Amino acid sequence: MKNIRVADVLLSESEVPSLVVQGWVRTKRESKEFVFLEINDGSCLKNLQAIVDAGAEGFGLMEKVGTGAAVRLEGALVESPGQGQKWELKAHSLEILGEADPSYPLQKKRHTDEYLRTIAHLRPRTNKFGALNRIRAELSYGVHRFFHEQGFFHVHAPIITGSDCEGAGEMFQVTTLNLSDVPKKGGKADFDQDFFGKEASLTVSGQLAAENLACALGRVYTFGPTFRAENSNTPKHAAEFWMIEPEMAFADLSDNMDLGESCIKWLITYLLDNCRDDLDLFANFVDKTLLATLDNILAKPFVRLPYEEAVGILRKAPRNFEFPVDFGTDLQTEHERYLTEEHFKQPVIVFDYPKEIKAFYMRLNDDGRTVGAMDVLVPRIGELIGGSAREERLDVLERRIDELGLPKEEYWWYLDLRRFGTVPHAGFGMGFERLLMLVTGIANIRDVIPFPRTPRHLEF
């Protein structure tokens, strides 16, 4: 007999005389003549209650059924006389698929996030992290659906690269050289003997590849893992994370801001429509203001604020910031949160940043001192999106590369885009994990990715 998911069983419109349910035991309540089991198979937040009486086949195995055990139950779906549940399974046979040792660490009690990180291989079985992973899956699907409906093509950027997109040098090196006996040439590592014959790294962004494809297909996006070897232990940083990176040909900074805002609003609406039970868990137990925050994001257009005006607001703020702000300094999380949570009380798009604090590929404005960059700031998170109009003028781009001392020869193919049919184009990167933090109220990036990679942490 075919197994039916708990999520589908709970949506049944009528009693079912015979069906099979398989899952893990969440709770067990015993009496002399029957046992109540709460069964969950991960398909939804709610459990299915099963009643196994003393006459059921396999009832004698019940003493081996503990919290966490995997079982197979066959029986009839009947109306439940209990409150809060429409159906229950009246089981006539029980089979143990996998016993759970009594030391099973997820007994029926609240566990701290810090503790659950130490058992990340088991934490998806909790209500909170089961809900988180279902939301993550649904949000991932929503990303693809949004861009598909907007006429974007999904493209795949390489994970291994010879270019530093951000110019920051915080990259993980990829090599086949024997690190205990690295061949040398002129006192330095001889990468001629390495797999690629040159230095290679894990990518920090799929942007440069996406620009190539946008200049052929018009509208594209990448959605994949990216890596930053930044020795940071803040709640917003991880060494491995996922990025959503659209790129549009024939587009300017205003088009980019429109896309970023519409993407955020569409995805939030999509989750509210498709993951309400799981979102409600976070609204009830993680952040009581979550649904109000999401509704506020959807309620009105985002504020669009030139960087220079943002600095002026921050300098006049009736509070002392840890990091002083002036024209030419990058905004810190405390500044971003002040703008979104206290001053405007809604998302803010800051644009036209000083060129000195932004990447080489961002389009130089006519004033010669700012670039067409934009950051979308949201309450509680701060920066969610970073993007720009790209510099499409060959001479200006070459000058910017030289100013920053970057190896121009490594970007020969990128410069070719400006030689052969250059067009205005724009794009951005949205941190997928930060988006998950926004929609769940979770405060630490380590808790929205199944197996976090952070400095000195490479477990599981």
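**Entry 1: the whole chain**

I noted before anything else that I am working with a predicted model. I counted 12 helices and 18 strands in the chain, and I found that the C-alpha trace spans about 85 × 60 × 45 Å along its principal axes. I then looked up burial, and buried residues make up 50% of the 460 residues. Taking the contacts with a separation of 6 or more, I saw that 66% of them come from residues 24 or more positions apart.

**Entry 2: helix H3 and its two partners**

I wanted to know at what angle H3 and H5 cross. The axes of helix H3 (residues 127–149) and helix H5 (residues 253–274) come within 10 Å and cross at roughly 135°, and the two helices are therefore oblique to each other. I recorded the crossing of H3 and H5 as right-handed. On the H3 side the contact includes Ile135, Leu139, Tyr141, Phe146 and Phe147, while on the H5 side it includes Leu259, Trp266, Tyr270 and Leu271.

I next turned to helix H6 (residues 276–285), which packs with H3 at an angle of about 130°, the axes being 9 Å apart. That angle makes H3 oblique to H6 as well, but here H3 passes H6 in a left-handed crossing. The residues of H3 that meet H6 are Asn127, Lys128, Ala131, Leu132, Arg134 and Ile135, and their partners in H6 are Asp278, Leu279, Leu281 and Phe282.

**Entry 3: helix H9 and what surrounds it**

Which residues of helix H9 (residues 333–343) are buried? I found Glu334, His335, Glu336, Tyr338, Leu339 and Thr340. These buried residues pack against strand S14 (303–306), H8, S15, strand S16 (370–378) and strand S17 (382–390). Just after H9, I noticed that Lys345 takes a positive phi of about 60°.

**Entry 4: aromatic rings**

I looked up how many aromatic pairs the structure holds, and the count is 18. For Tyr307 and Tyr353, the ring centres are 5.1 Å apart and the planes stand at 40°, which lies between the cut-offs of 30 and 60 degrees, so I noted the pair as tilted. Tyr307 belongs to helix H8 (residues 307–315) and Tyr353 to strand S15 (residues 348–354), so this pair ties together parts that are 46 residues apart in sequence. Both Tyr307 and Tyr353 are buried.

I then checked Phe451 and Phe460, whose ring centres are 6.3 Å apart with planes at 35°, so that pair is tilted too. Are these two residues buried, partly exposed or exposed? Phe451 counts as partly exposed at 36% relative accessibility, and Phe460 is partly exposed with a relative accessible area of 40%.

I also followed a cluster in which ring pairs link Tyr141, Phe146, Phe147, Phe152, Tyr221, Trp266 and Tyr270.

**Entry 5: charges over rings**

The charged end of Arg369 sits over the ring of Phe327, 4.3 Å from its centre, and the charged end of Arg418 sits over the ring of Tyr414, 4.1 Å from its centre.

Notes: Residues numbered from 1 in each chain as written. Predicted model: local features only at pLDDT ≥ 70, side-chain atom pairs only at ≥ 80, totals over all residues. Heavy atoms only, no water. Phe/Tyr/Trp six-rings, centres within 6.5 Å; stacked < 30°, edge-to-face > 60°. Helix = DSSP H or I, 4+ residues; strand = E, 2+ residues; numbered from the N terminus. Buried < 20%, exposed > 50% of the residue type's maximum accessible area, 1.4 Å probe, protein only. Lys NZ or Arg CZ within 6 Å of the ring centre and 35° of its normal. Axes fitted to C-alpha atoms, helices over the stretch in contact; angles between N-to-C directions. Parallel < 35°, antiparallel > 145°, perpendicular 65-115°, else oblique. Left-handed = near helix turned anticlockwise from the far one by under 90°. Contact = heavy atoms within 4.5 Å.
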